[in-house]
Structure formats: structure tokens, C-alpha cells
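Visitor: I would like to learn how to read a model like this one. Please take me through it feature by feature.

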Amino acid sequence: MTGKNIAPQMLRRNLVIKGINLLALKNQTFQIGDAILQIAGLCHPCSKMEQILGPGGYNAMRGHGGLTARVLKTGVMRVGDSLVVLME
């Protein structure tokens, strides 16, 4: 299986953002569309990666699990909405 064949939902992603270093958002509050979120912590891969990606899938995803976030304000997000870091 190549990277081009792996859909984000296969990796259990709820939201995919490109073009930003997500780790730089640590302790940040940000807005996407009308929604406001706050980084809650790292999201480590789970054992399902072995089932989805095959043997070695868990180790391949280590360090690439993404982040978890708290929803501070619900709102509509649309494909193409920018991520805006909010100043506190």
C-alpha cells in the first residue's frame, strides 16, 4: 500500500490540515471557519494501524498521530477554510 492509497479516514483522522507544523500549535487556541478549538495534546496511533496498514503500521505511524483538540465553540468548517491562531 502506498501513501497515495491511504485515505485520511483510514488513519482515523477527523480533520486534516496541510501546510502547517501542527506541533507549533501546542497550547494554542485557533479558529477554522466558525469553530474555535484548543489543542489538548498529542494523539498517538493505536493498534488498529496494524490492521489497516498491515504489519509495521503502528510503528510507521509513531510520531505522526496528530493532535487532539477541545471544541471551545462549535461552528461550520468548510474545505479550504484557513486555520487562524487566536491571540489570547
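Visitor: Which residue is the bridge partner of Ile 39 in β3?

Guide: Two strands pair if DSSP finds at least two bridges between them. Here, Ile 39 has Ala 69 of β3 as its bridge partner. This is a predicted model, in which local features need pLDDT of at least 70, side-chain atom pairs count only at pLDDT 80 or more, and totals for chains, interfaces and linings use all residues. Residues are numbered from 1 along each chain as its sequence is written, and side-chain values use heavy atoms, with hydrogens and water left out.

Visitor: How many helices and strands does the secondary structure of the chain come to?

Guide: Helices (H or I, at least four residues) and strands (E, at least two) are DSSP runs, numbered from the N terminus. The chain has two helices and four strands, and along the sequence they follow the pattern β-β-α-α-β-β.

Visitor: What is the order of the strands in the sheet?

Guide: The four strands form an open sheet in the order β3-β2-β1-β4, with antiparallel pairing. β3 and β4 (83-86) each have a single partner strand, so one side of each edge strand is left without a neighbour in the sheet. From one strand to the next the twist averages 35°; axes are lines fitted to C-alpha atoms, for helices over the stretch in contact, and angles run from 0 to 180 degrees between N-to-C directions.

Visitor: Over how many bridges do β2 and β3 pair?

Guide: β2 and β3 pair over six bridges, in the antiparallel sense. Strand β1 (residues 29-32) pairs with β2 over four bridges, also antiparallel, and there Thr 29 stands opposite Gln 38 of β2. The hairpin of β1 and β2 has two residues between the strands, and Gly 33 takes a positive phi near 60° in that hairpin.

Visitor: What does Leu 42 touch, apart from residues up to four places away in sequence?

Guide: Contact means heavy atoms within 4.5 Å. Leu 42, in strand β2, touches Leu 23, Gly 66, Leu 67 and Thr 68. Leu 67 in β3 is also the residue that Leu 42 stands opposite. By contrast, the C-alpha atoms of Leu 42 and Asn 5, 37 residues apart along the chain, are separated by 25 Å.

Visitor: What share of the residues of the chain counts as buried?

Guide: Buried means under 20% relative accessible area, exposed over 50%, partly exposed in between (1.4 Å probe, protein chains only). Of the 88 residues, 17% count as buried. The C-alpha atoms fill a box of roughly 45 × 25 × 20 Å along the principal axes. Among contacts with a separation of 6 or more, 71% join residues 24 or more positions apart.

Visitor: What is the volume of the largest pocket?

Guide: On a 1 Å grid over the protein atoms alone, a pocket is an open set of points where a 1.4 Å probe fits, with protein on both sides within 12 Å along at least five of seven lines; lining residues have an atom within 4 Å of a point. Grid points are joined across faces, edges and corners, and a volume is the space filled by probe spheres set on the points. The largest pocket has a volume of about 730 Å³. It is lined by 28 residues, with Arg 13, Asn 14, Leu 15, Leu 67 and Thr 68 nearest its centre. β2 (35-42) and β3 (67-73) are the elements that give two or more residues to this lining, and β3 gives the largest share, four residues.
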